[in-house]
Amino acid sequence: MNLTVRTANLVFMQIEKVGIIGSGIMGSGIAEVALLAGYQVTLRSRETANTYTMVEQVKRSLSKMVKRETLTGSEADEAVSRLELTTDIRDLRDSDIVIESVIEDLEIKRELFQRLDVLCKADAILATNTSTLPVVAMATATKRPDLVCGIHFFNPATVMKLVEIVTPITVSETTIDTAISFVISLGKEPIRVKDEAGFVVNALLFPYLNSAICMLERQVASMEDIDRSMQLGCGFPMGPFQLLDLVGLDTSLRILEALHFESRSLASVPAPTLRRLVAAGRLGRKSKRGFYDY
Ligand SMILES: NC(=O)c1ccc[n+]([C@@H]2O[C@H](COP(=O)([O-])OP(=O)(O)OC[C@H]3O[C@@H](n4cnc5c(N)ncnc54)[C@H](O)[C@@H]3O)[C@@H](O)[C@H]2O)c1
């Protein structure tokens with residue numbers, strides 16, 4: 001894939017190579033989406049073992065598509081051949097766009113943005129997949145704040161259509177236009193949002209998820225029945241506890257903390273049970289145990 005964005009007949013940004021940092025739930029999913037759209041993808045993980053897990057995961061996911069006949073075997077092989085896995089962040093230096101998707105921790109993300117700024121091409125876009133953190137704080141960790149924005153995918157990234165394009169006050173319109181065109185080229189639907197904690201979806205979703213945990217603590221109904229209620233009564237594809245386990249309880253806790261830090265709303269004060277589960281290492285599906293066992 002070679003995405004060239006044109007405006008008033010001027011070519012101003014070209015994306016061929018996509019760099020991704022973080023091989024967790026979201027980093028892997030975003031890599032797969034970019035591969036399927038035809039991009040050259042370099043994914044950097046801290047540990048070699050994680051890169052092996054990641055490539056196996058992508059192969060498994062693509063082979064399911066081959067079985068469903070939405071992809072041919074040779075297309076799947078070709079997509080995997082465009083994936084480069086590395087533990088060395090310097091391998092992202094040729095990327096036209098880098099999407100950071102590591103743990104939801106502002107200091108860690110700021111430090112990564114500082115490093116990316118030094119090693120990446122001067123005109124590369126640096127994007128974050130943060131769920132709630134201020135994108136402007138990552139932008140100002142670099143000397144190219146006009147080229148930093150949020151590109152927020154949803155979980156699972158391969159399935160969910162929406163992508164929030166987060167616009168810190170430091171970003172240029174060219175960067176946002178390029179990010180929007182890039183997301184469209186991935187087959188997703190972008191919406192433009194302000195750089196405010198939780199953006200649109202998580203600002204609405206997480207107070208609801210947190211309320212479900214508080215409801216469980218008050219023993220209004222069992223966990224299974226609360227989940228069934230929202231599925232059968234509201235037509236939601238998943239109940240709140242199933243969704244919390246899918247997102248990851250550590251990530252959910254950090255999202256609520258960031259929402260509360262900015263909004264001071266009582267609805268976003270993390271329920272004590274959530275803190276206890278995270279402290280116990282019960283992080284949801286990714287650790288095979290969260291509200292439910294897997
Ligand atoms: N889980 C979701 O539903 C979801 C949805 C949209 C966005 N996000 C956002 O995506 C980002 C990643 O979330 P995830 O769900 O993939 O998490 P995850 O726990 O699955 O993966 C986190 C990744 O961060 C890496 N990491 C941890 N500490 C690090 C450090 N000190 N330096 C560098 N890397 C480190 C881990 O090795 C792992 O690859 C977060 O910003 C999160 O808010 C998550």
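This is a predicted model: local features need pLDDT of at least 70, side-chain atom pairs count only at pLDDT 80 or more; totals for chains, interfaces and linings use all residues.
A polar contact is a pair of N or O atoms within 3.5 Å.

**Around the ligand**

Start with Glu104. An N or O atom in the side chain of Glu104 is 2.5 Å from an oxygen atom of the ligand. That pair counts as a polar contact because the cut-off is 3.5 Å.

| Residue | Atom in the residue | Atom in the ligand | Distance |
|---|---|---|---|
| Glu104 | side-chain N or O | oxygen | 2.5 Å |
| Lys109 | polar side-chain atom | oxygen | 2.8 Å |
| Val247 | backbone N or O | nitrogen | 2.8 Å |

Note the part that Val247 uses: the atom belongs to its backbone. Lys109, in contrast, uses its side chain.

How much of the ligand's accessible area does the protein cover? On its own, the ligand has 840 Å² of accessible area, and the protein covers 85% of that. Helix H1 (25–36) and helix H4 (106–119) are the elements that give two or more residues to the shell.

The shell around the ligand holds 21 residues. Glu104, Lys109, Ser131, Val247 and Lys286 come nearest. Which classes make up the shell? Ten of its residues are polar, seven are nonpolar and four are charged.

Ser101 sits in the loop between strand S6 (97–100) and H4. Is Ser101 buried or exposed? Its relative accessible area is 10%, so Ser101 is buried. The side chain of Ser101 also has a partner. It makes a polar contact of 3.1 Å with the side chain of Asn129.

Gly150 belongs to strand S8 (residues 148–152). Its relative accessibility is 0%, so Gly150 counts as buried. Now follow the chain to Lys194. Gly150 and Lys194 are 44 residues apart along the chain, and their C-alpha atoms are separated by 9.8 Å.

Pro156 lies in the loop between S8 and strand S9 (162–167). Look at the peptide bond from Asn155 to Pro156. That bond is cis, with omega near 0 degrees.

Glu69 and Phe199 each have a positive phi. Neither residue is a glycine.

- Glu69 has a phi near 60 degrees. Its loop runs between helix H2 (48–67) and helix H3 (73–81).
- Phe199 has a phi of about 50 degrees. Its loop runs between S10 and helix H7 (201–217).

Phe199 has 6% relative accessibility, so Phe199 counts as buried.

Which residues make the nonpolar surface patch of about 260 Å²? The patch is made by Ile191, Val200 and Leu204. Ile191 is located in strand S10 (residues 189–194). It has a relative accessible area of 32%, so Ile191 is partly exposed. Why can Ile191 be part of a patch? One condition for a patch residue is over 30% relative accessible area.

Notes
Residues are numbered from 1 along each chain as its sequence is written. Side-chain values use heavy atoms; hydrogens and water are left out. Patches are made of residues with over 30% relative accessible area and no salt bridge: like charges are joined within 9 Å, nonpolar side chains (Val, Leu, Ile, Met, Phe, Trp, Tyr) within 5 Å. Accessible areas come from the Shrake-Rupley method with a 1.4 Å probe; for residues, only the protein chains shown count as cover. A salt bridge is a side-chain nitrogen of Lys or Arg within 4 Å of a carboxyl oxygen of Asp or Glu. Helices (H or I, at least four residues) and strands (E, at least two) are DSSP runs, numbered from the N terminus. Buried means under 20% relative accessible area, exposed over 50%, partly exposed in between (1.4 Å probe, protein chains only). A residue is near a molecule or strand if one of its heavy atoms lies within 4 Å of it. A polar contact is a pair of N or O atoms within 3.5 Å; within protein, one must be able to donate a hydrogen and the other to accept it, and residues adjacent in sequence count only if both atoms are side-chain atoms. Ala, Val, Leu, Ile, Met, Phe, Trp, Tyr, Cys and Pro count as nonpolar, Asp, Glu, Lys and Arg as charged, and the others, Gly among them, as polar.
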